There are 2 protein chains.
Amino acid sequence: MGEVKLFWTWTSPYAQRIVWALKLKGIEYETMFEDLANKSRLLLEYNPVHKKVPVLLHDGAPICESLVILEYVDDKWNTTARLLPDDPLARATTRFWAKFCDDQVLASVFKAFVTQGVEQEKATAYTIEKLDIVEKQLTGDKFFSGETIGFLDLVFGWIAVYLEVVEETSGIKILDKERFPLISAWKERFSHVPVIEETLPDRETLISKYQRMRSYFLSKASAKK
Amino acid sequence: MGEVKLFWTWTSPYAQRIVWALKLKGIEYETMFEDLANKSRLLLEYNPVHKKVPVLLHDGAPICESLVILEYVDDKWNTTARLLPDDPLARATTRFWAKFCDDQVLASVFKAFVTQGVEQEKATAYTIEKLDIVEKQLTGDKFFSGETIGFLDLVFGWIAVYLEVVEETSGIKILDKERFPLISAWKERFSHVPVIEETLPDRETLISKYQRMRSYFLSKASAKK
């Protein structure tokens, strides 16, 4: 299996995906917690381009970008808990929605988190529109691609805990149960999968961290004006 | 092989990647030219989320997003002209740089193309900084990953023709030969691979199309102000 280290932090919805993937596959790894306000020399060395978590270090080789890491984990340890489907078309559909999640949904949730006023309202409305599209993709199956947890469940998994934390700390509402019945039901099922439940970050701790993060981003933005 | 159709247009650096991939693999396909000012009903039906080219239609199933299509083409027709390497780590590195190309380099080239003044200067400087990072990745090998053309060559292939067209139509300079000797040498080699050379769009036609596109974007932006 080799030596596996994961550089990450509780506040990153991107990093959490990798924790879930490694746990699902039963891969032992060493945790390297990062303080994003004071990044380690190693993080900067292993991800010099983006200087971000998560970074997976496997036998000394760094892999960066959460979707790339998920593919790597699935390519490398492909005998247990397959994340991507085998069929090329199903793989393509999975990759399409993973990219949609990051480029459209997560990016605009982040925007709503770091803004206020009209700008925040716009980002919130945009996120809701994009989630409408996701809602239409769900069929009421247990998970995104059927009966077992897979790639897209991990990619959208941040909805299970981070979205509520963003809503609470920035005074917005995105995941309305009546508007999003299928996403809400999926969220419940996903949160109760044992591996996920055991590794979900503590809500209260996240809230206090996100409160500090939001204040920091807002003060940075107002200093710019 | 099934029925393969490609919805695309000459002006799209994303779509051109797929033409190259299909040609390299010797896959016959039907060309469905799109006029982006007047998109076809079929394009909107097959890519309702983004309404963009390229779309690959294989036996009636649409695949969207150029990097996703490239992976699909390589997954599906994996016996000739392999685009991705076999090794999981090399695959991860390839995916990392493909994402970097689209998110960092192409996005900022586009920004420089649709802006002017200080905004354009900033986008140009940003692009150059990002290309500095790409330059450092190249080793002087024939192609991005060695002796044969592969995934990253197709991803960065827009540099071979579209970048010059953007530079000329928007009055900026990005690919300076002295600053980017390795990228410039790669560009020459890449442009002369027979399959690439035969399918490169005509420079003069592109220039007149890009001139009209730039005027359109600039007038839209000034109407907004």
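**Exercises on the A–B pair**

In this predicted model, chain B superposes on chain A by a rotation of 180° with 0.0 Å of shift along its axis, at an RMSD of 0.0 Å.

**Exercise 1. Symmetry**

Task: State what relation the rotation of 180° with 0.0 Å of shift represents, and find which C-alpha of chain B is nearest the axis.

Solution. 
Step 1. The superposition of chain B on chain A takes a rotation of 180° and 0.0 Å of shift along the axis. That is the relation of a two-fold axis.
Step 2. The C-alpha of B:Asp103 is the one in chain B nearest the axis, at 4.8 Å from it.
Step 3. Of the interface residues of chain B, 100% are also interface residues in chain A, so the copies meet through the same surface.

**Exercise 2. Extent of the interface**

Task: Give the residues in contact and the area buried between chain B and chain A, then name the residues of chain B that lose the most area.

Solution. 
Step 1. With contact taken as heavy atoms within 4.5 Å, 22 residues of chain B touch 22 residues of chain A.
Step 2. About 2100 Å² is buried between the two chains, and carbon and sulfur atoms give 72% of this area.
Step 3. On the side of chain B, the residues that lose the most area to chain A are B:Val49, B:Arg95 and B:Phe96, together 24% of what that side buries.

**Exercise 3. Polar and charged pairs, and the elements involved**

Task: Count the salt bridges between chain B and chain A, and work out which elements of chain B supply the side that touches chain A.

Solution. 
Step 1. The count of salt bridges between the chains is six. One of them joins A:Arg91 to B:Asp75, whose closest N and O atoms are 2.9 Å apart.
Step 2. Strand E4 (61-64), helix H3 (66-76) and helix H4 (88-113) of chain B each give two or more residues to the side that touches chain A. H4(B) gives the most, with ten residues.
Step 3. By class, this side of chain B holds 13 nonpolar, two polar and seven charged residues.

Notes. Residues numbered from 1 in each chain as written. Chains lettered and ligands numbered in written order. Predicted model: local features only at pLDDT ≥ 70, side-chain atom pairs only at ≥ 80, totals over all residues. Heavy atoms only, no water. Buried area = accessible area lost by both parts, 1.4 Å probe. Salt bridge = Lys/Arg side-chain N within 4 Å of Asp/Glu carboxyl O. Helix = DSSP H or I, 4+ residues; strand = E, 2+ residues; numbered from the N terminus. Nonpolar A, V, L, I, M, F, W, Y, C, P; charged D, E, K, R; others polar. Least-squares fit on C-alpha atoms with pLDDT ≥ 70 in both.
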